[in-house]
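Let's take a friendly walk through this structure, from the surroundings of a small molecule to the spans marked in a database. Keep the 3D view open as you read.

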Amino acid sequence: MEQQRGMTHAPGGGRAVWRALGYLRRYRGETVGAFVALLLASGANLAAPQMVRLAVDEGLSRGALSVVRAAVAGLVGIALVRGLFNFLQGYLAERASQGVAFDLRNALFARLQRLSFSYHDQAQTGQLLTRLTNDVDQVRAFVGGGVVQVVASLLMVVGCSGLLFLTHPLLALAALGTIAPVLWVLRQFMGRISPMFGKVQATLGRLNSVLQESLRGIRVVRAFSGEGREAARYGRFNEEFLEHNLQLIRIISSHFPRVGLFANLGTWVVVGLGGWLIFHERLSVGELLAFNSYLGFLFMPLVSLGFLAAQMSRAGVSAVRIFELLDTAVEVVDRPGARALPALSGRVELRDVHFRYAGGEREILRGVSFEVEPGQLVAILGTTGSGKSTLINLIPRFYDVTAGAVLLDGHDVREVTLASLRSQVGIVLQDAMLFSGTLRENIAYGRPEATLEEVQAAARAAQAEEFIAALPQGYDTVVGERGVGLSGGQRQRVAIARALLTQPRLLILDDSTSAVDARTEAEIRRALDALMRSTRSTAIVIAQRLSTVRDAHLVIVLDEGRVAAQGRHEELLATSALYNEILGSQLQPDSVEAA
Ligand SMILES: Nc1ncnc2c1ncn2[C@@H]1O[C@H](COP(=O)(O)OP(=O)(O)OP(=O)(O)O)[C@@H](O)[C@H]1O
């Protein structure tokens with residue numbers, strides 16, 4: 001889906017560029033400054049041929065050396081002014097466009113942080129990275145510098161044409177006639193180049209996706225000797241990327257010589273018709289020189305308008321991709337008038353909950369209902385794919401129910417603010433994701449202001465203190481990306497400490513203890529029990545161990561999205577065949593529980 005979207009040839013590219021230009025508003029000073037500087041530089045450019053005309057017509061042909069000297073001095077002055085204003089123009093325009101890129105990147109990042117899980121489920125990370133880096137860069141290249149040049153080039157075209165007419169109307173008419181084919185070539189060029197840009201960006205996105213995926217899964221790749229296959233997959237997209245870029249180059253390089261050819265046409269007309277006019281004394285040599293310079297000046301902005309048009313169409317494609325992301329609706333948001341969830345006591349109720357993933361055919365949860373009192377431990381059990389993870393994702397509103405309701409202390413989670421909801425729910429997910437940084441920073445992720453003592457207390461409760469203390473740098477140990485350098489069990493205990501530090505009234509654990517050995521698991525369980533007793537937190541745990549279901553106040557048995565049975569362990573043992581089956585096949589006995 002992402003790919004198809006990327007492939008389309010940027011409908012609304014113009015509108016998107018226009019919208020990107022709106023970001024210049026914050027850099028109005030720089031933009032206007034660059035524009036004025038460019039106008040002055042162009043003015044200086046236009047004045048130069050007049051100096052040449054003066055030197056030839058008034059100086060050389062009349063033997064007035066002083067006029068020639070003055071004209072040369074004028075040319076030097078013009079060159080200096082032009083240099084200064086060109087510098088200012090370049091500098092200010094770049095400041096403005098860098099500012100726009102800065103704002104776009106921040107806006108995109110903020111949007112990605114807020115977008116719902118349902119979006120991230122489908123989006124390819126590589127495509128998103130490309131939008132934040134390369135697409136922003138394409139827009140940056142045009143906005144600012146490009147737009148100033150477009151306006152200046154248009155003014156230059158008008159100014160030069162005016163001066164040509166002033167110099168000699170007939171010659172001007174003839175010379176301008178040669179521009180028509182140039183415009184025709186540029187039009188053709190535009191039509192062919194802009195769809196190509198869309199393809200290039202989409203291919204780059206796919207290339208980055210393959211790269212990102214195979215780096216993330218490098219262990220799996222090695223384990224299955226998939227290096228060759230991955231290289232081939234990358235190679236395929238890389239080849240496609242190269243091919244699209246080459247096509248781009250072919251379009252560019254086959255069109256510009258034609259522009260040059262037609263530009264020569266103008267010179268032929270000037271030399272031929274101009275020479276005839278001089279011969280018949282209707283034009284001076286100086287005027288012809290000035291005329292030829294202006295004609296040259298006219299082609300410069302025309303050709304650069306061609307380049308700019310290409311750049312603009314490229315920026316348009318990228319801007320569409322950027323705004324598409326910025327405009328993606330965040331599905332899970334605070335409702336208007338949502339109020340903060342008061343301090344929870346920890347009662348949880350699911351009332352006839354139905355759920356279907358966005359675009360999914362099947363209902364994953366079909367009328368799930370249960371109630372949990374504050375401080376209780378709930379164990380969720382079920383066949384694989386029965387919807388256990390999905391169910392616990394609905395409590396902190398990672399997704400919204402399709403029908404029914406999730407209530408905390410009687411408040412529908414959709415009626416309260418997300419911040420107040422999630423700050424009171426502690427979650428340990430299957431993938432104990434850590435960030436590059438110190439262990440202390442990782443544990444304090446949910447409460448960065450926590451003191452070292454608080455961090456230590458959380459680590460102690462999560463049975464992580466011992467291994468952290470054994471590290472040379474202790475809590476200041478820097479863990480790599482995704483917690484590289486720690487074992488799976490260590491990572492999970494850090495993740496548990498992270499959840500505990502926020503002192504949640506409701507704790508949710510998804511398979512959190514599956515990556516630790518039985519002894520550690522027993523220790524963690526004891527720590528959690530102690531914690532739940534002391535804080536009276538409610539805990540909802542996807543059960544992996546017999547001890548969990550035995551201690552649970554309530555066991556929920558899920559089967560294909562329905563609650564097949566619920567009750568205490570002993571009751572279910574006696575009444576539910578499915579429960580007995582799952583106990584036998586899935587749960588690990590607590591051989592070391594007593595140890
Ligand atoms: N993000 C998603 N988008 C679409 N469908 C999904 C998504 N996540 C899970 N599913 C589907 O929902 C169903 C339930 O998945 P879920 O992960 O909740 O089951 P589970 O009981 O936790 O399974 P397991 O015990 O194997 O982890 C599965 O059929 C799965 O294919």
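Helix H13, residues 388-394, gives the largest share of the shell around the ligand, with 3 residues. Please keep in mind that this is a predicted model. Which residues lie around the ligand? They are Asp121, Tyr357, Gly360, Ile364, Gly382, Thr384, Gly385, Ser386, Gly387, Lys388, Ser389 and Thr390.

Now to the database record. An unreviewed UniProt entry places the feature "domain: ABC transmembrane type-1" at residues 32-314. The same record type also carries the annotation "transmembrane region", for residues 32-52, 64-85, 141-164, 170-186, 259-279 and 291-310 (unreviewed entry).

| Span | Helix | Strand | Distance between end C-alpha atoms |
|---|---|---|---|
| Residues 32-314 | 92% helix | 0% strand | 24 Å |
| Residues 32-52 | 100% helix | 0% strand | 31 Å |
| Residues 170-186 | 94% helix | 0% strand | 26 Å |

Last, have a look at helix H18, which runs over residues 488-501. Its 14 residues reach 20 Å from the first C-alpha to the last, close to the 20 Å expected at 1.5 Å a residue. Is H18 largely enclosed or open? Of its 14 residues, 13 are buried, so H18 is largely enclosed by the rest of the structure. After H18 comes Gln503, with a positive phi near 45°.

Notes. Residues numbered from 1 in each chain as written. Predicted model: local features only at pLDDT ≥ 70, side-chain atom pairs only at ≥ 80, totals over all residues. Helix = DSSP H or I, 4+ residues; strand = E, 2+ residues; numbered from the N terminus. Expected span 1.5 Å × (residues − 1). Buried ≥ 20, exposed ≤ 12 C-beta atoms within 10 Å, placed from the backbone. Near = placed C-beta within 6 Å. UniProt positions renumbered as here; feature names shortened; annotations may be inferred.
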